[in-house]
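Please open the structure in a viewer and keep the selection tool at hand.

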Amino acid sequence: MTIYRYARQAEILGASIYDHSPGAILLSSGLAYPPLLPDVAHEAAGAARRPHQALQYGPLMGIADLREAICQFVAADGVACTPDNVLITYGAKDALDLACRVFIEPGDRIIVTRPTYMTALQIMRAHGAAFVSVGQDEDGLDTDELEAQLKRLEANGERAPKLLFDVPDFHNPTGITTSKARRMRLVELARAHGFIILEDDPYRRVRFHGEAVAPVKSFDRDGVVVALGTVSKILAPGLRVGWAIGDREVVARMAMHKANGGTSPFAQRIVADLMRSDKLAEHISQLSAAMRLHRDVMVEALAAHCPQAAVRTPQGGYFLWLTLPEDMDAERVASLALEHGVEVSSGRLCFPNQAPANHLRLAYSFAGPEDIRRGIAGLGKACDEYRARP
């Protein structure tokens, strides 16, 4: 029998967050809503008519048309950039991984919210990062707490953080939107303490109500923010097209660490043509209306079936963050929910260090309204069953 000498990070083989239970109502993952997956046949046909561009290895930085289209796309949010500032990536997670490759040595610190996006933690841990975790309130990341922690590290002669990762619009998993004042303060702290902000912004255009807040990148005058974007949440995740916008030296270094020979030019061509037309804006409008309905249905169902859970209602995005009573174990509740035909995620995976046990992350993006109602009813039965068992 062959003895395989695995790397330490690959020694444990467990369940993947991308594996789902067959037949269960899926309320655990931010997959796209199937009825709204776009018809890209026209754009695909157009790409196929350019085989020397679309079917060849692509430019490392990405095709010029898409980089220019992204500059125009983010200009509507107040972000000024040129194509030299834009790197096309294999989704936003690829952009995060490339940023970690460029900036992080094992043991370097990254600032994250408590909780934060679970897959981002997985990527950062793979690079050997240590974490400085900062709490949140209704205005987003607590910049006073962050400043106090930075000063303490400095006073103790400890290693200063190199990066800060945050999702400021409809935060994954909490749904919080960071205020303008906090965004501006983050940029000030980054300048003062020498760290780079990675602004992950996949949900920004999926807004249901309220006034949009300018991106963190729009307040950056010194190259301290790298904005990470993707079409996964506003168009289709299967296209696997994302981007990073930053100082041209930074994105050029990130590009040099690409191992995929350039993001698919075929998919890039499709996205560029959609951005150049009015189809992307129309799709985002339809998507936002559908996600608002899904959110409202889920919030109403939770009030009826899980009255013991505290729920924050976001102004947009894909996720709801549930806080159960402190004496309830969310992982056990999630296991019981699966027995009732619904898959939800324990919030434990969203914490960088020691995690409280009583949080659940729910996604309303994939299931339709009736499935959401049935799924939350199943979750309610799981909570009741948890209470009934010793």
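Axes are lines fitted to C-alpha atoms, for helices over the stretch in contact, and angles run from 0 to 180 degrees between N-to-C directions. Helices (H or I, at least four residues) and strands (E, at least two) are DSSP runs, numbered from the N terminus. This is a predicted model, in which local features need pLDDT of at least 70 and side-chain atom pairs count only at pLDDT 80 or more, while totals for chains, interfaces and linings use all residues. Residues are numbered from 1 along each chain as its sequence is written, and side-chain values use heavy atoms, with hydrogens and water left out.

**First stop: α1 and α9**

Two packed helices are described by the angle between their axes and the distance between the axes. Select helix α1 (residues 41–48) together with α9: the two pack at an angle of about 125°, and their axes are 9 Å apart. The pair is therefore oblique; angles under 35 degrees count as roughly parallel, over 145 as roughly antiparallel, 65 to 115 as roughly perpendicular and the rest as oblique. The crossing of α1 and α9 is right-handed. A crossing is left-handed if the near helix is turned anticlockwise from the far one by less than a right angle, and right-handed if clockwise.

Now show the side chains. Glu-43, Ala-44, Ala-47 and Ala-48 of α1 meet Phe-266, Arg-269, Ile-270, Asp-273 and Leu-274 of α9, where contact means heavy atoms within 4.5 Å. These residues divide into six nonpolar, no polar and three charged. Here Ala, Val, Leu, Ile, Met, Phe, Trp, Tyr, Cys and Pro count as nonpolar, Asp, Glu, Lys and Arg as charged, and the others, Gly among them, as polar.

**Second stop: α3 and α9**

Among the residues that make the contact are Leu-66, Ile-70 and Phe-73 of α3 and Val-271, Ala-272 and Met-275 of α9. By class, this contact of α3 with α9 has seven nonpolar, two polar and four charged residues.

Two strands pair if DSSP finds at least two bridges between them.

Look next at β2 and strand β10 (residues 242–245), which pair in the antiparallel sense over four bridges. Which residue in β10 is the bridge partner of Leu-87? The partner is Ala-244.

Most residues other than glycine have a negative phi, and most peptide bonds are trans. Select Arg-114 and Pro-115: the peptide bond between them is cis, with omega near 10°. Pro-115 is in the loop between β3 (109–113) and α5 (118–126).

Move to the loop between β7 (163–166) and α7 (180–193), where Pro-173 lies. A cis peptide bond with omega of about 20° joins Asn-172 and Pro-173. Phe-170 also lies in the loop between β7 and α7; Phe-170 is not a glycine, yet has a positive phi of about 55°.

Strand β12 (residues 319–323) pairs with β15 over five bridges in the antiparallel sense, and Thr-323 has His-359 in β15 as its bridge partner.

**Last stop: α11 and α12**

Helix α11 (residues 330–339) and helix α12 (residues 369–388) have axes that come within 8 Å and cross at roughly 125°. That makes α11 oblique to α12, and their crossing is right-handed. The contact includes Val-333 and Leu-336 of α11 and Leu-379 and Tyr-386 of α12.
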